[in-house]
Amino acid sequence: MKNELTITPLEEWLPVSDKPLVISGPCSAESYAQVMETARELSKIPQVRVFRAGIWKPRTRPTGFEGVGIEGLKWLQEVKAETGLLTTVEVAKPGHIESALKHDIDILWFGARTVVNPFTVQELCDSLKGHDVPVMVKNPLHPDFKLWLGAIERLHKAGIRKIAAVHRGFYFYKHALYRNQPMWEIPIELQRQLPGLPLICDPSHICGKRDLLQGISQKALDLGMAGLMIESHINPASALTDADQQLTPDALAQMLSHLQVRSMSGTAEFETLLEQLRSEIDKIDAELLDILAKRMKIVEEIGEYKRENNIAVLQIRRWADIIFDRQNIGSKLGLNKEFLLQMLQLVHKESIRKQEEIMGTKEEE
Ligand code: PEP
Ligand code: MN
């Protein structure tokens with residue numbers, strides 16, 4: 001399904017001259033000096049167009065630093081006046097929106113902990129009615145695609161058209177390399193459903209550690225994301241929140257200089273060859289689908305046959321043999337074994353579903 005939301009193109013409210021577009025600044029505004037010094041350094045980096053800072057911090061435990069509040073908004077006004085950077089803050093209550101707008105904050109964002117709660121999102125959207133302020137929507141903490149999409153739809157219903165989505169990774173119960181798993185397929189699906197929606201990657205909250213930022217930033221650009229939100233601090237070691245993932249403005253400039261910005265389209269010759277290759281892919285996909293449909297027909301025949309003879313749908317031995325055999329053949333053809341396993345599991349799941357339907361034993365979903 002393609003969603004038809006009218007969304008204002010990013011270039012109309014956030015034009016960039018030096019790609020990629022970068023939003024940077026501290027996780028939290030902590031002091032006047034920290035904010036101003038960080039912003040002054042950042043303003044020397046051509047890609048940085050927007051200064052971010054958490055003013056109200058959603059903390060897991062009440063003992064954590066909860067942000068400086070309204071005073072910080074005055075510092076951001078000064079950042080804008082002195083450096084020309086646009087400013088953005090996280091808003092989680094209608095009162096935050098009111099204060100942020102009163103202090104001329106240019107862009108608002110909804111944080112991951114807010115987007116999990118449709119009541120809160122709706123309340124925020126209600127208080128945004130009648131305002132023409134751009135809003136960025138972070139993905140919810142856990143990988144629930146519809147909550148992310150839903151928050152964007154609620155904003156749209158409230159009349160907001162300058163919307164961007166921010167991919168900040170997803171909580172994963174297992175301990176892993178990243179603080180939040182990227183699960184790239186989720187932002188890719190959002191892009192597929194809302195092709196006009198600008199997508200910005202927040203490598204800081206995905207990585208949780210400075211040394212992983214470069215790889216995730218590059219991957220985001222390779223996927224065609226419109227920009228990056230990266231936390232920076234004049235002295236990361238002393239940061240009151242997210243100290244391990246913040247970069248000094250110098251380190252940020254260094255990292256940006258090592259990123260490859262690839263263009264989304266090429267020369268006419270390149271485009272012609274690309275078109276040819278894509279039409280070959282289209283043909284092969286049609287063949288694949290045809291073969292898959294033939295396979296399913298035979299699965300159905302087997303299902304009928306099993307039903308007539310009162311034989312169980314799933315036969316584990318046969319399934320184990322299929323996996324072993326197809327992985328062997330596939331890997332000799334240069335296909336990745338894990339990919340083959342996942343693909344076979346998916347095909348098998350559908351085959352079982354079909355046979356259960358035939359047997360009349362399928363559970364209601
Ligand atoms: C932040 O950007 O500082 C923040 C709290 O992020 P998230 O909502 O993605 O956790
Ligand atoms: Mn943070």
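A nonpolar core is taken as a set of buried Ala, Val, Leu, Ile, Met, Phe, Trp, Tyr and Cys residues joined through side-chain atoms within 4.5 Å. Buried means under 20% relative accessible area, exposed over 50%, and partly exposed in between (1.4 Å probe, protein chains only). The model is predicted: local features need pLDDT of at least 70, side-chain atom pairs count only at pLDDT 80 or more, and totals for chains, interfaces and linings use all residues. Residues are numbered from 1 along each chain as its sequence is written, and side-chain values use heavy atoms, with hydrogens and water left out.

The largest nonpolar core holds 67 residues. Val89, Phe110 and Leu190 touch the most other members. Helix α7 (residues 145–157) gives the largest share of this core, 6 residues. Helices (H or I, at least four residues) and strands (E, at least two) are DSSP runs, numbered from the N terminus. A second, separate core has 14 residues, including Leu10, Ile107, Trp109 and Val166.

Contact means heavy atoms within 4.5 Å. Beyond its neighbours within four places in sequence, Phe110 is in contact with Val91, Leu128 and Lys138, among others. Lys138 lies in strand β5 (residues 135–138). Lys138 counts as buried because its relative accessibility is 4%. Its side chain makes a polar contact of 2.7 Å with that of Asp202. Such a contact is a pair of N or O atoms within 3.5 Å; within protein, one must be able to donate a hydrogen and the other to accept it, and residues adjacent in sequence count only if both atoms are side-chain atoms.

In helix α10 (residues 213–222), the buried residues include Leu213, Ile216 and Leu221. The buried residues of α10 pack against β7 (199–201), α9 (203–207), β8 (227–231) and α11 (249–257). Just after α10, Gly224 takes a positive phi of about 85°.

How values were computed
Chains are lettered from A and ligands numbered from 1 in the order in which they are written.
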